[in-house]
Amino acid sequence: MLKTKDNTSSEKTGILSEIEKISDQMIKNEQLFNLITDDLLIESLIYEQISLKHRYAHLLKTAKEKGITVNFIDRL
């Protein structure tokens, strides 16, 4: 779970929520990549992984520009 020092802003909450969502999608993508054997599916997962990484980087850049700080807390 992600938390911010000042979570009163809905914009901050939305950005943090998107970061967490993309992070979860990246983990699922990697898990599928390790299981799939079909060449076409592997290729589609590679493109999806690249897209997710770019979206994640964009969200981190946006959060930094807006002064949003994040503490990562281990999830059970």
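**Exercise 1.** Decide whether Glu11 is buried, partly exposed or exposed in this predicted model, then find the residue whose side chain meets Glu11 in a salt bridge.

*Solution.* 
- Step 1: Start with the cut-offs: under 20% relative accessible area is buried, over 50% is exposed, and in between is partly exposed.
- Step 2: Glu11 has a relative accessible area of 44%, so Glu11 is partly exposed.
- Step 3: Now look for the partner. The side chain of Lys66 meets that of Glu11, with 3.1 Å from N to O.
- Step 4: Where do the two sit? Glu11 belongs to helix H1, while Lys66 is in the loop between H2 and strand E2 (71-72), so this pair ties together parts that are 55 residues apart in sequence.
- Step 5: Check Lys66 too: its relative accessibility is 41%, so Lys66 is also partly exposed.

**Exercise 2.** The structure holds two salt bridges. Work out where Glu18 and Lys21, which form one of them, lie.

*Solution.* 
- Step 1: The distance between the side chains of Glu18 and Lys21 is 3.9 Å, N to O. The cut-off is 4 Å, so the pair counts.
- Step 2: Both residues lie in helix H1, three residues apart, or about one turn of the helix.
- Step 3: Here's the handy bit: an α-helix has 3.6 residues a turn, so residues three or four places apart point the same way.
- Step 4: Glu18 comes in at 29% relative accessible area, which makes it partly exposed. Lys21, at 41%, is partly exposed as well.

**Exercise 3.** Describe helix H2 (residues 39-65): its span, its ends and its buried residues.

*Solution.* 
- Step 1: H2 has 27 residues, and the reach from first C-alpha to last is 39 Å, close to the 39 Å expected.
- Step 2: At the start of H2, a side-chain oxygen of Asp38 comes within 3.0 Å of the backbone nitrogen of Leu40. After H2 comes Gly67, with a positive phi near 75 degrees.
- Step 3: Leu45, Leu52, Leu59, Thr62 and Ala63 are the buried residues of H2, and they pack against helix H1 (10-35).

**Exercise 4.** Which residues make the nonpolar surface patch, and which helix gives the most to it?

*Solution.* 
- Step 1: Phe33, Ile46, Tyr47 and Ile50 make a patch of about 380 Å².
- Step 2: Helix H2 gives the most, with three residues. Ile46 is in H2.
- Step 3: Ile46 has 34% relative accessibility, so Ile46 counts as partly exposed.

Technical notes. Residues are numbered from 1 along each chain as its sequence is written. This is a predicted model: local features need pLDDT of at least 70, side-chain atom pairs count only at pLDDT 80 or more; totals for chains, interfaces and linings use all residues. Side-chain values use heavy atoms; hydrogens and water are left out. Patches are made of residues with over 30% relative accessible area and no salt bridge: like charges are joined within 9 Å, nonpolar side chains (Val, Leu, Ile, Met, Phe, Trp, Tyr) within 5 Å. Accessible areas come from the Shrake-Rupley method with a 1.4 Å probe; for residues, only the protein chains shown count as cover. Helices (H or I, at least four residues) and strands (E, at least two) are DSSP runs, numbered from the N terminus. Buried means under 20% relative accessible area, exposed over 50%, partly exposed in between (1.4 Å probe, protein chains only). The expected span of a helix is 1.5 Å times one less than its number of residues. Contact means heavy atoms within 4.5 Å. A polar contact is a pair of N or O atoms within 3.5 Å; within protein, one must be able to donate a hydrogen and the other to accept it, and residues adjacent in sequence count only if both atoms are side-chain atoms.
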